[in-house]
Amino acid sequence: METAPNEKTWGAVNISSAVERQHLEPWTRQDMVVAFGFLSLAGGPMLHCFLLSHLGTKLWSPLSTIKGEIGTLTWKLSFYIPHPVTSVEPGNDTQISEFLLLGFSEKPELQPLLFGLFLSMYLITVLGNLLLILAVSSDSHLHTPMYFFLANLSFVDICFTSTTVPKMLWNIQTQSQEITYEGCLSQIFFFSVFGCLDNLLLSVMAYDRFMAICHPLHYMVIINPQLCGLLVLVSWIISVLNSSLQSSMLLRLSFRTEVEIPHFFCELNQILQLACSDPFLNDVLMYFVIVLLVGAPLAGILYSYSKIVSSICRISSAQGKHKAFSTCASHLSVVSLFFCTSLGVYLSSAATQSSHASAVVSVMYTVVTPMLNPFIYSLRNTDIKRALKGILGDPVM
């Protein structure tokens, strides 16, 4: 059957039948009633009346095409259902099965260097955060709210890095750039979950430090184990719901047959820029989430530390000031590193429009920050160092 010149080729469900001009068979009448009933729901009463008034004569509709011959009409009702992964190129209805991750460089001589570099950083990230989790869980002196949140942050950092780096290492090792459509959606989902969790846990840890320094007498009463567990649980629920919404909204988009992603992982912003259909709703949702789940926690962190600095300045002794500041210095360093690099990625991508530069800067908050967190929290923390020495077999006082 010929296709109308202006007919879309993506996700069409076609219903065709031949009817006589002067006589309609009973089954054809039933089909027409069903079709008109559907059109009345989808197109409104005016379109319904228009079709009925022109039955058997010249008929045009955005959803139907009539081809007339002597004594015969061919009805073709095409209800267009957008498919998220089919091609919109004319004459090509090929389903997309994979995307291409271009990574940092396609030069063969650089691949061993990139593989060794990222494998080293990934192993350091996993081992460092695992040691931090073991240290907190094995030492009873570290069973406090601050270290409970720290252990959760270390677990999230391991998962956050594991959503992107192993796939990149596999592609370098196999000399392949492919990632399936389902794999790309899964990567976006888990990257959003753990990225949002990182952000929320940092804000929860800032609230913990605010209560410990500004309200020390009420700290143990308010920040109890039940509240700590509830804060972590709520952070997980918010992150999963946000990621589920973002991922499901991607299903409404269509893409070309061959999609090249100028990044080393499937980043949501990059995917939206490569969509063929209009990503307006996705963009609105993405920026709304950034304001709500990034801007609001960041504002809470800034408010907490403004109160912390004000409280520390009111402490009379220098030793008291140093002790109070040392309890939150590590967290402040991690917060600064995470948010500065994250904001730097989006500001640099907006300013330079260079996807390669954005991919390079993204390494800072996806790989470097989770790798440095265990060192930042352990180097100047005597409690963590004592617990680590106990794990590694070096008895201390």
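Visitor: At what angle do helix α3 and helix α5 pack?

Guide: In this predicted model, local features need pLDDT of at least 70, side-chain atom pairs count only at pLDDT 80 or more, and totals for chains, interfaces and linings use all residues. Residues are numbered from 1 along each chain as its sequence is written, and side-chain values use heavy atoms, with hydrogens and water left out. The axes of α3 (residues 111-138) and α5 (residues 165-174) lie 10 Å apart, and the helices pack at an angle of about 155°.

Visitor: Are α3 and α5 roughly parallel or roughly antiparallel?

Guide: Angles under 35 degrees count as roughly parallel and those over 145 as roughly antiparallel, with 65 to 115 roughly perpendicular and the rest oblique. The angle is about 155°, which makes α3 and α5 roughly antiparallel.

Visitor: Is the pair of Phe99 and Tyr181 stacked or edge-to-face?

Guide: Rings of Phe, Tyr and Trp (its six-membered ring) pair if their centres lie within 6.5 Å; planes under 30 degrees apart are stacked, over 60 edge-to-face and the rest tilted. Phe99 in strand β4 and Tyr181 in helix α6 are 82 residues apart in the chain. Their ring centres are 5.9 Å apart and their planes stand at 70°, so the pair is edge-to-face.

Visitor: Is Phe194 buried or exposed?

Guide: Buried means under 20% relative accessible area, exposed over 50%, and partly exposed in between (1.4 Å probe, protein chains only). Phe190, four residues from Phe194 in helix α6, is partly exposed at 39%. Phe194 has a relative accessible area of 8%, so Phe194 is buried.

Note on methods. Axes fitted to C-alpha atoms, helices over the stretch in contact; angles between N-to-C directions. Helix = DSSP H or I, 4+ residues; strand = E, 2+ residues; numbered from the N terminus.
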